[in-house]
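Subject: Structure for you to look through

Hello,

Here is the structure I said I would pass on. Please open it next to this message and follow along; my notes come after it.

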Amino acid sequence: MSRPVTLFTGQWADIPAEELFPKVKAMGFDGVELACWGDHFDVQKALNEPGYIEARWELLKKHGLACYAISAHLVGQAICDLIDERHKSILPEHVWGDGDAEGVRQRAAQEMIDTAKAARKFFDAGKSYMATKPAGSGKTVVNGFTGSSIWGALYAFPPTSQEYLQKGFDDFGTRFKPILDAFEKEDVYFALEVHPTEIAFDIVSAQRAIDAVGGHKRFGFNYDPSHLGYQGVDYVKFIYQFGERIHHAHMKDVWWGHGTGEVGVFGGHTDFCDARRYWDFRSVGRGDINFEEVIVALNDTGYSGPLSIEWEDGRMDRFHGATESCAFVKGLDFPRNTVAFDAAFDKSNQ
């Protein structure tokens, strides 16, 4: 059968889970990728509050929804970033604490470790229910960001040496190796969404990030073509190059080259949906990503996890957009062939 289509709840965290889940089902989705913000999935409650995890599964079961991954993008961003006041607005209070930069990074790292423990506990509790749903990849996955101490050196002026940049990758390796070791103990995979502002934002930096953690088997990617396409990165080649490390996949669309020529790929300090912008996120199927090629590449590399729609389009009502995106992806996805299409020409098969 084709892959389950899920909704990433990160952009819907203003709606409580009890109100959101029936709407997700009504929009046609098979399940959710739960964000660790809003009230969708609380890491500390999952670890410390009796009955919390069971109640999450009961709510999912009530609406016939599956879950294959949880996502900790916001706390992940603070692990390697140069911390400033913007981080306070996205972090739990116990992670922000007194705002001391190194303290924030250390607490964010611990929260990510706790997220792996919570994921293990959550998915273990849901095994019997999920046995009635499509199998997915069989992996327990936490998606997220890493942040980066060197994103500000994106453009090489003042002149930036490779030694300077390597310090950033070394910092990432030092901070994330203990996290990945904790993921190993829990049998959980960390899937970085390759994305500008992260330590890995294209194919070359993704390989460098793998090298920085010594090829740790628990480190991989949450594939999202939208963040690659507008940069000019070959988003299909990414699948073929890193297929064995793609633990989860986002379906998100983007268009580029549609602005007025006044703003470049760096965004010109404009807001999303400013008509001058070179690129903007679009409802799935309405942008420039060739999802047919994406699905073929995912099939070729054996990806069996969900197709999770991360819906973002500032020009469109989100319920309309998510509904049409779900239908688009379900119409596009297809099971991988298991029989050679020309096998019937062989007389022994007739």
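In this predicted model, the contact between helices H10 and H12 is made by Ile203, Ala206, Gln207 and Ile210 on the H10 side and by Lys237, Phe238, Gln241 and Phe242 on the H12 side. Sorted by class, the residues of this contact are five nonpolar, two polar and one charged. H10 covers residues 203–212 and H12 covers residues 235–242; their axes are 10 Å apart and the packing angle is about 25°. Angles under 35 degrees count as roughly parallel, so H10 and H12 are roughly parallel to each other. Their crossing is right-handed.

H10 also packs against helix H9, residues 162–186; the two axes come within 8 Å and cross at roughly 55°. H9 and H10 are therefore oblique to each other. The crossing of H9 and H10 is right-handed. From H9, the residues in contact are Gln162, Leu165, Gln166, Phe169, Phe172, Gly173 and Lys177, and they meet Ser205, Arg208, Ala209 and Ala212 of H10. The classes here are five nonpolar, four polar and two charged.

A further helix pair is H4 and H7. H4 spans residues 73–80, and it packs on H7 at an angle of about 135°, with the axes 7 Å apart. That angle makes H4 oblique to H7. The crossing of H4 and H7 is left-handed. H4 contributes Val75, Gly76, Ala78, Ile79 and Cys80 to the contact, while H7 contributes Val104, Arg105, Ala108, Ala109, Glu111 and Met112. Eight of the residues in this contact are nonpolar, one is polar and two are charged.

Now the strands. In what order do the eight strands close into a barrel? The order is S1-S2-S3-S4-S5-S6-S7-S10, and the pairing is parallel. From one strand to the next, the twist averages 35°. As a reminder, strands of a sheet pair through backbone hydrogen bonds, in either a parallel or an antiparallel way. One of the pairs is S7 (residues 246–251) with S10 (residues 307–309), which is parallel and has three bridges. His250 has Ser308 in S10 as its bridge partner.

H7, residues 101–125, touches S2 (31–35), S3 (66–71), S4 (141–144) and S5 (189–192), and its direction makes about 170° with that of S3. H13, residues 291–300, touches S6 (219–223), S7 and S10, and its direction makes about 165° with that of S7.

The UniProt record, an unreviewed entry, annotates residues 23–330 as "domain: Xylose isomerase-like TIM barrel". In the model, that span is 44% helix and 13% strand, and its end C-alpha atoms lie 18 Å apart.

Last, two points about the backbone. Most residues other than glycine have a negative phi, and most peptide bonds are trans. Where do the two exceptions noted here sit? The peptide bond from Phe157 to Pro158 is cis, with omega near -5°, and Pro158 is in the loop between S4 and H9. Thr197, which is not a glycine, has a positive phi of about 90°; Thr197 is in the loop between S5 and H10.

Regards

Key. Residues numbered from 1 in each chain as written. Predicted model: local features only at pLDDT ≥ 70, side-chain atom pairs only at ≥ 80, totals over all residues. Heavy atoms only, no water. Axes fitted to C-alpha atoms, helices over the stretch in contact; angles between N-to-C directions. Helix = DSSP H or I, 4+ residues; strand = E, 2+ residues; numbered from the N terminus. Parallel < 35°, antiparallel > 145°, perpendicular 65-115°, else oblique. Left-handed = near helix turned anticlockwise from the far one by under 90°. Contact = heavy atoms within 4.5 Å. Nonpolar A, V, L, I, M, F, W, Y, C, P; charged D, E, K, R; others polar. Pairing = 2+ DSSP bridges. UniProt positions renumbered as here; feature names shortened; annotations may be inferred.
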